[in-house]
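Welcome, and thanks for stopping by. Please take a look at the model below, and then we can walk through it together, topic by topic.

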Amino acid sequence: MAKKFDFGYYCREGVSSIFTHGFMSFAAVCMIVACLLIMGSFSLVAVNLDNMLGDLEAENEFLAYIDESYTQEQAVALEDDIMAVPNVSEAIFVTRAEALDDFREGRDNQLLSDLEPDVLRDRFRIHVEDIELLKESADAVEQIPGVADVYAATDIAQGFVMVRNIATGIALVLIGILVVMSLFIIANTIKLAFFYRREEIAIMKMCGATNAFIRWPFIVQGMILGLAGAIIAFLLQWGVYELVAKAVIQSNGLSLLAILPFGSLVPVFLPVFCGAGLLIGVVGSVVAIRRFLQV
Amino acid sequence: MIRFIDIHKEYDNGTKALKGINMRIDDGEFVFLVGPSGSGKSTIMKLITGEIAPTQGKLMVNGYSLNNISPRQIPMMRRTLGIVFQDFRLIEKKTVYQNLSFAMRAIGASSRELKRRIPYVLRLVGLEEKADRYPSQLSGGEQQRVAIARALVNNPNMIIADEPTGNLDPNRSLEIMMLLERINELGTTVLVVTHEKNLVNRFAKRVIAIENGRIINDETGGYYNGEKV
């Protein structure tokens with residue numbers, strides 16, 4: 001006789017309850033929006049920094065200069081020692097002549113045409129797997145006999161790593177605080193709805209309603225509030241991101257920064273926003289009504 | 001069927017509400033449970049509806065043993081009962097029809113079942129013309145009839161009425177009792193908790209009298225306050 005899951009009923013009751021306590025619902029949605037906006041902003045900073053670090057890893061290798069007393073054959077033979085250093089993914093040998101050609105490329109200067117390759121050293125262009133370990137890898141390579149010197153742009157890499165780590169740390173702390181506040185407000189909104197309907201719920205229990213039947217409309221209410229907050233936060237995030245990206249791109253001084261288009265982030269960020277919103281809504285609801293159902 | 005075997009109930013504050021109750025109410029019976037305030041009537045009601053558990057003794061309600069019933073089974077046990085309260089406990093913002101459909105929805109009934117069952121029950125209690133009225137638009141007697149309809153709508157084995165006429169004048173009280181008697185004649189067990197002497201004596205049904213947590217009289221065709229046949 002009985003229907004196991006009356007989805008239509010749960011939705012109607014959940015939506016009706018949202019409007020019955022409009023102000024609390026509005027406050028709950030605002031908290032979720034704030035929480036997700038901050039989470040999203042810091043995540044976007046971290047994603048862009050990661051992308052830039054990826055570019056650094058892909059494009060900027062460090063250089064190991066070979067002792068001038070080494071012949072080219074002796075220098076090439078150092079590749080095995082360099083590859084044995086942890087975090088080194090690739091070592092490309094560059095002769096003095098090739099290095100000079102690279103140096104001349106793009107420089108329209110007659111003086112350079114008189115340079116002899118002997119003024120430069122043979123060298124290895126060395127790629128690393130993890131840019132955070134660039135300095136350690138460069139130091140290790142420098143210890144190899146035959147390597148006279150290394151050049152690594154560790155300052156830039158470490159700068160990006162530091163900014164990313166700080167952004168991640170701040171984001172985690174703020175997200176933690178805001179998640180707790182969001183849960184608190186959602187839980188109070190649901191408690192208020194529960195209190196408002198306590199007579200109905202008492203009647204339902206006397207009629208033989210199960211706890212699940214009583215609980216579901218409140219969970220649906222939490223889910224709708226969470227999802228609404230998530231969608232609003234996502235749209236706001238999109239707008240803010242586009243504005244910031246435009247400002248960064250227009251700024252000549254920051255031409256170093258490559259900003260990812262928001263469109264490429266939507267497939268990841270939209271589900272994450274919606275998932276986080278739903279999770280906050282459901283957990284808040286379940287926590288709020290758990291102790292009221294013990295009759 | 002309800003079976004109390006040597007039931008004791010002591011509350012956390014030390015109050016001994018029931019002191020060895022033995023009683024049996026069979027299917028199809030009409031029973032008055034009478035007694036003064038504080039005699040233990042409400043405790044018996046709460047035990048039957050599973051709101052509290054006995055401290056000692058064995059309690060069976062419509063095939064469920066309430067001594068070791070699991071929380072998941074309590075709603076199923078309650079579906080075998082229809083409960084009527086003194087203060088009606090209708091939802092003011094819902095119409096008569098919606099109050100009944102609310103009770104049916106609570107146990108997961110489908111829209112088709114609602115449309116089939118509610119008009120029948122409203123006809124049974126004589127309110128088929130007032131399905132669209134709100135409780136505030138009805139008299140006290142009519143509101144109690146809605147409460148009885150709500151108790152009946154899920155087709156329970158037993159109706160338990162807790163002081164159903166406490167808020168009604170004598171004529172309306174009589175109507176309600178006659179309605180409960182009719183429901184009983186249709187096969188539903190009825191347990192009425194009351195201390196209205198005149199009504200109890202007028203119907204001459206089985207009367208269980210309780211005082212100080214003990215049954216002091218249990219007679220079919222009995223009268224209240226020991227005025228026996």
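## The sheet of chain B

In chain B, six strands make up an open sheet with mixed pairing, in the order β6-β7-β8-β3-β9-β10. Its edge strands, β6 (81-84) and β10 (214-219) of chain B, each pair on one side only. From one strand to the next, the twist averages 15°.

Some reading notes come first. This is a predicted model, where local features need pLDDT of at least 70, side-chain atom pairs count only at pLDDT 80 or more, and totals for chains, interfaces and linings use all residues. Residues are numbered from 1 along each chain as its sequence is written, while chains are lettered from A and ligands numbered from 1 in the order in which they are written. Helices (H or I, at least four residues) and strands (E, at least two) are DSSP runs, numbered from the N terminus. Two strands pair if DSSP finds at least two bridges between them.

**Strand partners in chain B**

- Strands of a sheet pair through backbone hydrogen bonds, either parallel or antiparallel.
- Four bridges link β6(B) with strand β7 (residues 158-162) of chain B in the parallel sense, and B:Leu81 faces B:Met158 in β7(B).
- β3(B) and β9(B) run parallel, joined by four bridges; here B:Val31 stands opposite B:Arg206 in β9(B).
- β9(B) and β10(B) run antiparallel, with five bridges between them, and B:Ile208 has B:Asp218 in β10(B) as its bridge partner.
- The hairpin of β9(B) and β10(B) has two residues between the strands, and B:Asn212 takes a positive phi near 50° there.

- Axes are lines fitted to C-alpha atoms, for helices over the stretch in contact, and angles run from 0 to 180 degrees between N-to-C directions.
- Helix α5 (residues 140-152) of chain B lies across β6 and β7 of chain B, at about 165° to β6(B).

**Chain B as a whole**

- Chain B has seven helices and ten strands.
- Of its 229 residues, 43% count as buried (20 or more other C-beta atoms within 10 Å of the residue's own; 12 or fewer is exposed, and in between is partly exposed, with C-beta atoms placed from the backbone).
- Among contacts in chain B with a separation of 6 or more, 65% join residues 24 or more positions apart.

**Where the chains meet**

- Chain B brings 18 residues to the contact and chain A brings 17 residues.
- On the side of chain B that touches chain A, α2 (73-78) and α3 (96-106) of chain B each supply at least two residues.
- That side of chain B divides into eight nonpolar, four polar and six charged residues. Ala, Val, Leu, Ile, Met, Phe, Trp, Tyr, Cys and Pro count as nonpolar, Asp, Glu, Lys and Arg as charged, and the others, Gly among them, as polar.

**Strands of chain A**

- Strand β1 (residues 62-66) of chain A has A:Phe62, A:Ala64 and A:Ile66 on its covered face, and A:Leu63 and A:Tyr65 on its uncovered one.
- β1(A) pairs with strand β3 (residues 123-128) of chain A over four bridges in the antiparallel sense; A:Tyr65 has A:Arg123 as its bridge partner in β3(A).
- β1(A) also pairs with strand β4 (residues 147-151) of chain A, antiparallel over four bridges, with A:Ala64 opposite A:Val150 in β4(A).

- A:Gly22 lies in helix α2 (residues 22-59) of chain A.
- Is A:Gly22 buried or exposed? A:Gly22 counts as exposed because it has 9 C-beta neighbours inside 10 Å.
- The C-alpha atoms of A:Gly22 and A:Thr189 are separated by 9.5 Å, although 167 residues apart along the chain.

**Confidence**

- Chain A has a mean pLDDT of 82, with 89% of its residues at 70 or more; pLDDT is the predictor's confidence in each residue, from 0 to 100.
- Chain B has a mean pLDDT of 91, with 97% of its residues at 70 or more.
- The model scores ipTM 0.84 and pTM 0.68.

How values were computed:
Two residues are in contact if their C-beta atoms, placed from the backbone, lie within 7 Å.
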